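This report covers ring pairs, nonpolar cores and salt bridges in one protein model. The sequence and structure come next.

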Amino acid sequence: KGFKIYGDLGRYTKGVHKACMMSYCDTLEKVCEYGDTISSSVDGYGYLDLDNNIILPFNYAETHDLKCGRYRVKTKYDAKTDTGGKFGFLNEKLKLCIPYLYDDARDFSEGLAAVGIIDGSIKEDRCTYPRWKYGFIDPNGSCIIELKYSSVGDFCNGLALVREQNGKAGFINKAGEMVIPPQFSSASNFSDGIAHIRIDEVRGFIDTFGNMMITDEEVKGLWY
């Protein structure tokens, strides 16, 4: 009883795309006959070729599309042995090229990928949270920017958003230099040369030099 089907298909890149194997708790015939709603669970993620042949088994908790010649994948966590649940990267031949070392990772952007590890914990307002340390690696797995930030964005327009452990956000370049000092309560990645920022109660948009271009209040004034 029950059946399996591929789901969450990614886009084809060089004849490969990601997919997940779904397990359903009822029979396909019942669904077709009665149109009943059924529940499903993801068995795992892997990769298929153009003919939907399995070329990487569905043994992963996450798989992602190819970026900068690398597939980002996450291993399944095994509660019994307290192992797994880590991110690594595969090359275009789906061979492991960057080990499963990271508690968090994002796709490569402008040649660098944000990666993070949990390094102990912090207490805040009677609650305990993991202490994150983020940095950036290149496609060879070399650490280009030290893992020391509490959170980071992706590189866009040559700059990446980083948040210091004290909570303030700024922007670094690919050499790891802080080119826009950490002063923001919140900020977005750059897009087309501008980023949305907030300093306390003041919100607005800055350019890649950190200059305030226009505030949200000024934007509202253009519309009302």
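A residue is called buried under 20% relative accessible area, exposed over 50% and partly exposed in between (1.4 Å probe, protein chains only). The model is predicted, so local features need pLDDT of at least 70 and side-chain atom pairs pLDDT 80 or more, while totals for chains, interfaces and linings use all residues. Numbering runs from 1 along each chain as its sequence is written, and side-chain values use heavy atoms, without hydrogens and water.

Aromatic pairs are rings of Phe, Tyr and Trp (its six-membered ring) with centres within 6.5 Å; planes under 30 degrees apart are stacked, over 60 edge-to-face and the rest tilted. The whole structure holds six such pairs. Trp-132 and Tyr-134 are stacked, at 5.4 Å centre to centre with 25° between the planes. Of these two, Trp-132 is partly exposed at 23% relative accessible area, and Tyr-134 is buried at 8%. Phe-171 and Phe-184 have ring centres 6.3 Å apart and planes at 65°, so this pair is edge-to-face. Phe-171 belongs to strand β14 (residues 169-172) and Phe-184 to strand β15 (residues 178-184), so the pair ties together parts 13 residues apart in sequence. Strands here are DSSP runs (E, at least two residues), numbered from the N terminus.

A nonpolar core is a set of buried Ala, Val, Leu, Ile, Met, Phe, Trp, Tyr and Cys residues joined through side-chain atoms within 4.5 Å. The largest has twelve residues, among them Phe-171, Phe-184, Phe-190 and Ile-206. Strands β14, β15 and β17 (194-199) each supply at least two of its residues. Another core, apart from this one, has eleven residues, including Ala-114, Tyr-149, Val-152 and Ile-172.

Salt bridges require a side-chain nitrogen of Lys or Arg within 4 Å of a carboxyl oxygen of Asp or Glu. The search of the whole structure finds six, including those tabulated here.

| Pair | Closest N and O atoms |
|---|---|
| Asp-107 and Lys-67 | 3.7 Å |
| Asp-103 and Lys-86 | 2.6 Å |
| Glu-110 and Lys-174 | 3.7 Å |

Glu-110, in the loop between β8 and β9, and Lys-174, in the loop between β14 and β15, are 64 residues apart. Glu-110 is partly exposed at 36% relative accessibility, and Lys-174 is partly exposed at 36%. Shared partners join Lys-67, Arg-72 and Asp-107 into one salt-bridge network.

Key. Helix = DSSP H or I, 4+ residues; strand = E, 2+ residues; numbered from the N terminus.
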